[in-house]
Amino acid sequence: LPMLPVLAAGLKDESAMVRRNSAFCCGVFTLTSPATMGPYVAQVLTGLEPLLSEEEEEETKDNAVGAIARILHADPANPQAPQLLAVVCGNLPLEGDEAENDAVVASLLAVFASNQQALHPFLGKIVEGFTAILSGADSAKCLKPPTAQGAVELIAVLRKEYPEPMAQ
């Protein structure tokens with residue numbers, strides 16, 4: 001894969017813009033070419049990890065979270081799904097690069113469709129995050145209509161299936 005060394009170097013670049021765009025590319029490549037990128041996912045995740053630090057610029061961190069969400073979307077059964085879901089859900093809603101919220105929400109909807117149980121430890125964070133995204137004027141505009149509709153429907157399903165926790 002000729003682009004991988006370039007992206008790996010980009011994830012470590014001194015420029016936040018280069019790190020940010022490299023993270024975005026890693027996620028998009030994995031989502032659009034899962035068979036090609038599959039063998040490199042562990043390497044990509046290792047490269048993304050430093051971008052999740054508190055010292056990182058918010059937009060760059062959001063692109064790293066978006067990349068992880070795209071990796072999950074490409075393979076919801078990823079053996080690292082619990083750890084990846086913890087990172088994605090723990091960063092909801094994204095506020096530095098709100099456009100990444102669409103990838104994050106779409107990813108969580110894909111995981112819910114394939115393995116609801118995987119999301120159980122994160123249901124409160126998901127509902128809280130989706131509600132914040134849907135109620136924010138700018139962040140709601142970043143969701144594509146099918147993604148926004150899916151988020152609304154998921155919240156309704158969760159309220160029906162888990163009325164007690166959702167009533168709080």
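**Entry 1: H1 against H2**

I started with H1 and H2, which pack at about 140 degrees with their axes 7 Å apart. For my own reference, axes are lines fitted to C-alpha atoms, for helices over the stretch in contact, and angles run from 0 to 180 degrees between N-to-C directions. Helices here are DSSP runs (H or I, at least four residues), as strands are (E, at least two), and the numbering goes from the N terminus.

Before going on, I noted that this is a predicted model, where local features need pLDDT of at least 70, side-chain atom pairs count only at pLDDT 80 or more, and totals for chains, interfaces and linings use all residues. Residues are numbered from 1 along each chain as its sequence is written, and side-chain values use heavy atoms, with hydrogens and water left out.

What do I call the arrangement of H1 and H2? They are oblique to each other, because angles under 35 degrees count as roughly parallel, over 145 as roughly antiparallel, 65 to 115 as roughly perpendicular, and the rest as oblique. Their crossing is left-handed, meaning the near helix is turned anticlockwise from the far one by less than a right angle (clockwise would be right-handed).

I then listed who makes the contact (heavy atoms within 4.5 Å). H1 brings Leu7, Gly10 and Leu11, and H2 brings Val18, Arg19, Ser22, Ala23, Cys25, Cys26 and Phe29.

**Entry 2: Val28, also on H2**

I stayed on H2 to look up Val28. Val28 is partly exposed, at 25% relative accessible area. My cut-offs are buried under 20%, exposed over 50%, and partly exposed in between (1.4 Å probe, protein chains only). Val28 and Ala67 are 39 residues apart along the chain, and their C-alpha atoms are separated by 7.0 Å.

**Entry 3: cysteines**

How many disulfides does the structure hold? I found 0, counting a disulfide as a pair of cysteine sulfur atoms within 2.5 Å. For Cys25, the nearest cysteine sulfur is that of Cys26, 7.2 Å away. Cys25 is partly exposed, at 27% relative accessibility.

Is Cys89 buried or exposed? Cys89 is buried, at 3%.

**Entry 4: H6 against H7**

H6 and H7 pack at about 140 degrees, with axes 11 Å apart. I wrote this pair down as oblique too, and the crossing of H6 past H7 is left-handed.

Between H6 and H7 there is a loop, and Pro93 is in it. The peptide bond joining Leu92 and Pro93 is cis, with omega about -15 degrees. I checked the background: most peptide bonds are trans.

I looked up one residue on each helix as well. Val87 is in H6 and is partly exposed, at 22%. Leaving out residues up to four places away in sequence, Val87 touches Leu52 and Ile68. Gly150 is 63 residues from Val87 along the chain, and the C-alpha atoms are separated by 21 Å.

Asp102 is in H7. Asp102 is buried, at 9%. With residues up to four places away not counted, Asp102 touches Cys142, Leu143, Lys144 and Thr147.

**Entry 5: the largest nonpolar core**

I had read that in soluble globular proteins, nonpolar side chains tend to be buried together. A nonpolar core is a set of buried Ala, Val, Leu, Ile, Met, Phe, Trp, Tyr and Cys residues joined through side-chain atoms within 4.5 Å. The largest one has 45 residues, and Leu48, Val88, Val104, Leu108, Leu119, Ile126 and Phe130 touch the most other members. Among the elements giving it two or more residues are H1, H2, H6 and H7. Which helix gives the largest share? That is H5, with 7 residues.

I followed up Leu119. Apart from neighbours within four places in sequence, Leu119 is in contact with Leu85, Leu108, Val111, Phe112 and Ile126.

**Entry 6: Glu58**

Glu58 is partly exposed, at 42%. Setting aside neighbours within four places, Glu58 is in contact with Glu95 and Gly96. Glu100 is 42 residues from Glu58 in sequence and 12 Å away in space, C-alpha to C-alpha.
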